[in-house]
Amino acid sequence: MLKDLHTLSPYLDFIHACSADPDYRDPMLLTEQQLHRNLLDAPENPNTRVLGTFENDTVTGVFALLVLEDEKYLELLAGLSRSAAAYDELLAHLKSAYPGYQADFVYNPRNRLLQAALEALDAKFDPEQQKLVLRRTVPYVPDARIVPYRPEYRAQYLALHTGDRYWTGEKVLAAPEIFRVLLAIEDGEAAGYIDLTHNSAENEPYDLFVRKESRRRGLGRALLSAVQENRPNGMALLVDIDNEAAIALYESQGFDRAEGENNITAHICL
C-alpha cells in the first residue's frame with residue numbers, strides 16, 4: 001500500500017536503519033543538511049511529494065520526489081527501501097500518476113533492487129559517478145584569465161554551456177542564491193566556465209567546461225584551482241568512475257575519493 005506522507009517523524013527509525021546500510025543508503029542523504037533538505041523537510045515544499053510504501057501497516061519504503069508539473073519533470077530527491085516490492089509499487093504509481101513525465105533517479109550503485117526495477121522499465125543509465133571531496137589545501141596561484149561571471153559574457157557563456165541536464169545555463173544564471181559562475185577568458189572571449197554551488201554545507205563544482213580549441217592551455221586546471229579561493233563550507237564533486245584523467249586532475253587540486261559515496265543516475269520517460 002502506498003500513502004502520501006505529511007510528516008516523517010514516525011519513520012525516523014526506518015530512515016536511520018536504511019541510511020546505516022551501505023547497500024541501501026541514499027547518496028543524497030549523506031550530510032545532515034541533505035537529510036533535512038531532501039527528505040525530512042520535503043513535506044513542506046509545495047513542489048515535493050513524499051510517499052511511503054507499507055505492508056501490514058509496517059513501512060517498507062520512504063521516497064521524496066520533486067514534481068514540476070509545468071515542465072513535466074520528476075526527480076527522486078531521496079529514496080530509502082530494502083524491499084523490491086516497494087520499488088515496484090513506487091514506479092508503477094509514478095507511471096500511472098505522471099504519464100509522459102521525464103524522470104531522473106539518483107541512487108546508490110549498490111542498490112540492486114532499485115537497479116533491477118529501473119532496468120525492467122528500460123531506463124537509460126549514466127556511468128557510475130565517483131565522489132571526490134575537497135580535503136586538502138593546495139597552494140593557489142592566481143590566473144588573470146579566470147574572472148567572475150559578468151553580464152557582457154552572457155551569450156558566450158550560454159553558447160558554451162552543457163544543455164543535456166536540468167541546470168541549463170539560463171537556470172544557473174537565474175539562481176545566484178545557489179550558483180556562483182567563474183569564466184575562463186581567452187582573447188577577450190569566454191573559453192570555458194565552472195558553475196559552483198555556494199550556499200550548502202557541502203558545495204559542488206557542478207559543471208566544468210573548456211571549449212575544444214582552448215584545451216591543453218591550463219584553463220581547466222586554472223578554473224578548478226580557483227575553487228580554493230571561492231569555496232564556502234565544504235566542497236565535493238562527481239566524475240565518471242572510469243575517467244582517470246579527470247580524477248587525477250581533481251586529486252592534484254586537493255580532492256580525495258570518498259569511498260562508499262558514489263551514485264548512478266537513471267532516466268526514464270514515465
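This is a predicted model: local features need pLDDT of at least 70, side-chain atom pairs count only at pLDDT 80 or more; totals for chains, interfaces and linings use all residues.

Reader: OK, and where does glutamine 253 sit?

Author: Glutamine 253 is in the loop between α9 (244-252) and β14 (255-257).

Reader: Is glutamine 253 buried or exposed?

Author: Buried: the relative accessible area of glutamine 253 is 7%, and the cut-off for buried is under 20%.

Reader: You mentioned β14. Which sheet is β14 in?

Author: β14 belongs to an open sheet of four strands, in the order β11-β13-β7-β14, with mixed pairing. β14 is an edge strand there, as is β11 (202-203), and each pairs on one side only.

Reader: And how do β7 and β13 pair?

Author: Antiparallel, over five bridges, with β7 covering residues 129-134 and β13 covering residues 234-240. Within that pairing, leucine 132 stands opposite leucine 237 in β13.

Reader: Which strands make up the antiparallel sheet?

Author: That open sheet has four strands in the order β8-β9-β10-β12. Its edge strands, each pairing on one side only, are β8 (146-148) and β12 (205-210). On average, neighbouring strands in this sheet are turned by 25 degrees against each other, direction ignored.

Reader: How many bridges are there between β10 and β12?

Author: Five, in the antiparallel sense.

Reader: Now the backbone. Which residues have a positive phi although they're not glycine?

Author: Among them are aspartate 122, with a phi of about 60 degrees, and aspartate 187, with a phi of about 55 degrees. For background, most residues other than glycine have a negative phi.

Reader: Where are those two, aspartate 122 and aspartate 187?

Author: Aspartate 122 lies in the loop between α4 (112-119) and β6 (124-125). Aspartate 187 lies in the loop between β9 (179-186) and β10 (189-197).

Reader: Buried or exposed, for aspartate 122 and aspartate 187?

Author: Aspartate 122 counts as exposed because its relative accessibility is 65%. Aspartate 187 is exposed too, with a relative accessible area of 76%.

Reader: Let's go back to α4. Which of its residues are buried?

Author: In α4, the buried ones are Leu114, Gln115, Ala117 and Leu118. They span an arc of only 165 degrees around the axis, so they lie on the same side of α4.

Reader: What do the buried residues of α4 pack against?

Author: They pack against β4 (73-81), α3 (84-97), β5 (102-107), β6 and β15 (264-269).

Reader: Tell me about β5 then. Why is it largely enclosed?

Author: Because five of the six residues of β5 are buried, the strand is largely enclosed by the rest of the structure. The chain gets there from β4 through α3, and that β-α-β crossover is right-handed.

Reader: How many bridges join β5 to β4, and how many join β5 to β15?

Author: Four bridges join β4 to β5, and those two run parallel. Six bridges join β5 to β15, and that pair runs antiparallel.

Reader: Then are cysteine 18 and cysteine 269 buried or exposed?

Author: One of each. Cysteine 18 counts as buried, at 0% relative accessibility, whereas cysteine 269 counts as exposed, at 55%.

Reader: Great, that's what I needed, thanks!

Technical notes. Residues are numbered from 1 along each chain as its sequence is written. Side-chain values use heavy atoms; hydrogens and water are left out. Buried means under 20% relative accessible area, exposed over 50%, partly exposed in between (1.4 Å probe, protein chains only). The arc is that of the directions from the helix axis to the C-beta atoms. Contact means heavy atoms within 4.5 Å. Two strands pair if DSSP finds at least two bridges between them. Axes are lines fitted to C-alpha atoms, for helices over the stretch in contact, and angles run from 0 to 180 degrees between N-to-C directions. A crossover is right-handed if, with the strands pointing away from the viewer, the path from the first strand over the helix to the second runs clockwise.
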